[in-house]
Amino acid sequence: MAGKFVDEDALKDYTRKIWSFKQGEMVSMMIHLGDRLGIYQALDGAGAVSAADLAEKTGYHSRWLLEWLKNQAAAEILEYHDGERFELTEVGSRVMAEDDSLQFAAGAFGGPTDPSVIDKLADAFNTGLGLSYEDLGPSSAHGTERMLGPWTKYGLPKIVPALPGLEDRLSGHAAIADVGCGAGLAIATLAELYPNSQCHGYDPSSHAIEIANRKITDRGLSNLEFHVAGGEELPTEPAYDFIITFDCMHDMTRPDTVIAAIRKAIKPDGIWLIKDIKSYGDFQIDRKNPFLAMMYGFSVTACMSSALSTADGLGLGTLGFHPEVVAEMTREGGFSQCIKHDFDDPSNFYYEVRI
């Protein structure tokens, strides 16, 4: 209310905090450009370089590079040296340039969101209906893989041997399904690790499956095939020894229906491995997560939006498939065993589910 006393120091602090979010938006866009254009890779191991040096190495215009370099130095992503030289340190390279590193983060920064998507999200606040991953388009499919890929490539070779009997089973002639496979990185990794097994990926996003299909050709994987289909469309008879659902159950409109389909499609002695966001179903506990605001931002723009993209959607959202919900829904879906694992993943729980 106009004229009401306001603590000026508190006002300045609050204003600074709000503008810091806008600064973060701009820095995020610059990180996306650096990753998209391969600039971080060009800086990797190059030491302190000038914009002209970087232009010679990349073929990009020096003036544009200089402005980008100054942005990155101002954000303390790059180190600044006298004489207009900038450096990506070894630590910085691990996070920004090495996309096979577990710490790689640059791929998580997507480009500017399509204005039409923002308009539809705004409409969702009126209609209650969100956008599916198909609606979000190809950039969403690509960005999700870039963000989640490093842990998938690192984790799977460690997780499979940790589940009793699974390594030997997959080394034979097993059938594996990835439900909600996205761009197919996890199932392609399994197809490479276990060439004797037949691997199938299912996802309702045609954009994601288009990216996934390239992996078959690029990696020469004759034991892998993809389907533009949701989990509801799994075989109705026991077909799979091993089923995975990674980072997707909370995105689904009807995870209960998918769980029922998985129950029919898995063999009696099969294993279903769920990977989902580490949350506790209690906002006070979840507030200890320093990235909680980011998680809820993901939920509004993607996860909950997808989970509410049909009128009967349950709308779990990013943090909604927590241990209590997982245990209840798997039990109601006909599974008797649900063991929670951590596997030293800072962001996710893993659930070993059996009939």
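Q: What should the 29 residues of helix α1 span at 1.5 Å a residue, and how far apart are its end C-alpha atoms?
A: This is a predicted model. Helix α1 covers residues 8-36, and at 1.5 Å a residue its 29 residues should span 42 Å. The end C-alpha atoms are 42 Å apart, so the two values agree.

Q: What caps the N-terminal end of α1?
A: Asp7 does: one of its side-chain oxygens lies 2.9 Å from the backbone nitrogen of Asp9.

Q: And what comes just after α1?
A: Gly38, which takes a positive phi of about 75°.

Q: Which residues of α1 are buried?
A: Val27, Met30, Ile31, His32, Gly34 and Asp35 are buried.

Q: What do the buried residues of α1 pack against?
A: They pack against α2 (39-43), α4 (62-74), α5 (90-96) and α8.

Q: What is Phe242 in contact with, leaving aside its neighbours within four places in sequence?
A: Its contacts are Leu166, Leu170, Ala175, Ile176, Ala177, Leu190, Ile271 and Leu273.

Q: New topic: is strand β9 mostly covered or uncovered?
A: Strand β9 (residues 348-354) is mostly covered, with seven of its seven residues buried.

Q: Which way do the residues of β9 point?
A: Asn348, Tyr350, Glu352 and Arg354 point one way, while Phe349, Tyr351 and Val353 point the other way; all are buried.

Q: In which sense do β7 and β9 pair, parallel or antiparallel?
A: They pair in the antiparallel sense, over six bridges. Leu273 stands opposite Glu352 of β9.

Q: How many bridges join β8 to β9?
A: Five bridges join strand β8 (residues 337-341) to β9, and the two run antiparallel. Within this pairing, Cys338 has Val353 of β9 as its bridge partner.

Q: What do β8 and β9 form, and what lies in the turn?
A: They form a hairpin with six residues between them, and Phe343 in the turn has a positive phi of about 55°.

Definitions and conventions
Residues are numbered from 1 along each chain as its sequence is written. This is a predicted model: local features need pLDDT of at least 70, side-chain atom pairs count only at pLDDT 80 or more; totals for chains, interfaces and linings use all residues. Side-chain values use heavy atoms; hydrogens and water are left out. Contact means heavy atoms within 4.5 Å. Helices (H or I, at least four residues) and strands (E, at least two) are DSSP runs, numbered from the N terminus. The expected span of a helix is 1.5 Å times one less than its number of residues. Buried means under 20% relative accessible area, exposed over 50%, partly exposed in between (1.4 Å probe, protein chains only). A polar contact is a pair of N or O atoms within 3.5 Å; within protein, one must be able to donate a hydrogen and the other to accept it, and residues adjacent in sequence count only if both atoms are side-chain atoms. Two strands pair if DSSP finds at least two bridges between them.
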